[in-house]
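Please keep the structure open while reading.

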Amino acid sequence: MADKTVSLKDNSSGKTAELPLREGTLGSSVLDIRKLPKELGHFTFDPGFKATASCESAITYLDGGKGQLMYRGYPIEQLAEKCNYLEVCYLLLHGELPSSTEKEQFETNIRYHTMINEGLRKFLDGFRYDAHPMAMMTGVLGSLSAFYHDSTNIHDPDQRIITAHRLIAKMPTLAAACYKHSIGEPVLYPRNELSYASNFLWMMWGRPTEPYEPDPVAAKALDVLFILHADHEQNASTSTVRLAGSSQTNPFGAIAAGVASLWGPAHGGANEAVLRMLDEIGSVDNIDKYIDRAKDKNDPFRLMGFGHRVYKNMDPRALIIKKLADEVLEKYGDDPRMELARRLEEIALKDEYFVERRLYPNVDFYSGIIYQALGFPYEMFTVLFAIGRTVGWIAHWMEMISDPSMVIGRPRQLYVGPAERNVPDLDDR
Ligand code: ACO
C-alpha cells in the first residue's frame, strides 16, 4: 500500500477504489490510476493530456508557475552561461555533466559521425527545390533507418548510444544539406576542426569556391539557442517520439515522427509564425488592432510566441533569448521587428485578457529575430529548433527503451459513434 492514497467513489455503483498517490522529487504528485478499470470499470478522459502524466522521467523538470526549467537538476540559466551545447547533450544522455576527459571523448565521438552517407545526397536530390526544409528533414530523418541497419537492435545499449551520437552529429549536416538543396548550391562536407555550431555555420554559409570563417558571435548565439531548445520534458514532439518508439520501432523513424510533430505552428513552427506575424503587423501603430484580433474569439488569429501549455509565468528561455537577441543585434544591426516585438510584449503583458489567462512570451517569441539577424530564412527556423531538440528526443527514447517495465503506448477513447447496426443492401442505402 502506498503511503498516500486517494479514495474514489463511484456514486452509481457504490464501489470505491483506493488509488496510490505518487510523489516525484519535485512538482505535483500524481494519482496512479492504473487499477481504476479493474476496480471501478472506468477509464479516464483527458484530451490533450492536460492533467495526465504519461511516464516517469528523470531528465527535465519545469515549473510553469515559477517559470523554472532544469535539465537533470541544473537550472537552464546556469547551463546556458557555463556549458556548451555538447556538454548539455552529454548531461541529458548520461545524467551527469562530463569531466574534461569525458567531454573530449564525447566531442570526438560526435565529430566522427558528422558526415552523411553519399546516398543521402541523392535522396535529397529527389525533392523539389521549393520543398519546405522541415518536410525534407522529416523524410531524410526517416530514411536514416535504411542507411544504418547496424543500429536497429534497440535492446543493445551500445547501439542505442551510437544512434544518439549519429543523430546529434548528423542533424546540422542534414539541416544545412536541405538548405543548400533549396538554393541549388553544392552540399558542403563538415569541417571537423570546428565547434558544433561553427561547423553548422560553415555548412550553411560556406561555398567550396571561397574561404569562410564562422563568426564566433553567431556561433555562440546558436550554441546557446541549441542549449535552450535541447529538452522540454513531455511536449508534443517528445511525446510523439515516445509513443512511436514504444512500439519498438526503429529509432530514426521515431525521431522523424518527432520532427513532423515539431513542425506545427502550435509547437516548434511558432518561431517561423512569429516573424511572419511581425511582418504582417508591420508597425507599432498597428499593434492595438492585432491585440484586439487575438482577443476576438471569432477570429482565428492568435498572438504567436505567446502562451504555453505549462508556463503560466515568463518562459525562462524567453528571458535568456531576449538578452541574447540584444547582443546579436548589436553586432548585426538593429532589426525594426525587435522594437515591434518589445512593444507587443509590453502591451500584451498589461492587457487584461493576457494577464487573466497568464499568457507570457514563450521560447519562440524572440528566437526568430536572432535567426533572421544571422541570415537564416524563415523556413529554417523550425529546423534550428529541431537540431537543438534532437538530443532531448533521443534522451527520452533511451530512457524509455532502457526501462524494463516499458509497454506500448495505447490510449483509450470515449466512443461517441453509432451503436451496433446492420449493413443494409446496396439498393436500400
Ligand atoms: N493568443 C491569444 N489567445 C491565446 C493565445 C495566444 N497566443 N494562447 C492561448 N490563448 C487563449 C485561448 O484562446 C484560451 O482562451 P479561453 O480560455 O478564453 O478559451 C486560453 O488562452 C487558454 O489557451 P489554450 O489554447 O487552452 O491553452 P493551451 O495550453 O491548450 O495552448 C498554446 C498552448 C498552443 C501554446 C497556445 O498558447 C498557442 O496557440 N500559442 C500560440 C502559438 C505558440 O506560440 N506556440 C509555441 C508554444 S511553445 C513551443 O511549443 C516550443
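## Cavity, rings and cysteines

The structure, which is a predicted model, holds one cavity of 30 Å³ or more. The largest cavity has a volume of about 30 Å³. Its lining is made up of M115, I116, R121, T173, V187, L188, Y189 and P190. Sorted by class, six of these lining residues are nonpolar, one is polar and one is charged. R121 is the charged one, because Arg counts as charged.

Next come the aromatic rings. A pair of aromatic rings is described by the distance of the centres and the angle of the planes. The count for this model comes to 19 aromatic pairs. Two of the pairs are set out below.

| Aromatic pair | Centre to centre | Angle between planes | Arrangement |
|---|---|---|---|
| Y148 and F252 | 6.0 Å | 40 degrees | tilted |
| W205 and F376 | 5.1 Å | 55 degrees | tilted |

The pair of Y148 and F252 links distant parts of the chain, 104 residues apart. Y148 is in the loop between helix 6 (133–147) and helix 7 (157–183), while F252 is in helix 11 (residues 251–262). Both Y148 and F252 are buried.

The pair of W205 and F376 also links distant parts of the chain, and here the two residues are 171 residues apart. W205 belongs to helix 8 (residues 196–205), and F376 to the loop between helix 17 (364–373) and helix 18 (381–401). Are W205 and F376 buried or partly exposed? W205 has a relative accessible area of 22%, so it is partly exposed, since buried means under 20%. F376 has a relative accessible area of 1% and is therefore buried.

Last, the cysteines. How many disulfides does the structure hold? The structure holds zero disulfides. For C83, the nearest cysteine sulfur is that of C89, 11 Å away. A disulfide needs two cysteine sulfur atoms within 2.5 Å, so C83 is in no disulfide. C83 counts as buried because its relative accessibility is 10%. C178 is in no disulfide either, and the nearest cysteine sulfur, again that of C89, is 19 Å away. C178 counts as buried too, because its relative accessibility is 1%.

Methods
Residues numbered from 1 in each chain as written. Predicted model: local features only at pLDDT ≥ 70, side-chain atom pairs only at ≥ 80, totals over all residues. Heavy atoms only, no water. 1 Å grid on protein atoms, 1.4 Å probe; cavity = no way out; pocket = protein on both sides within 12 Å on 5 of 7 lines; lining within 4 Å. Points joined across faces, edges and corners; volume = space filled by probe spheres on them. Phe/Tyr/Trp six-rings, centres within 6.5 Å; stacked < 30°, edge-to-face > 60°. Helix = DSSP H or I, 4+ residues; strand = E, 2+ residues; numbered from the N terminus. Buried < 20%, exposed > 50% of the residue type's maximum accessible area, 1.4 Å probe, protein only.
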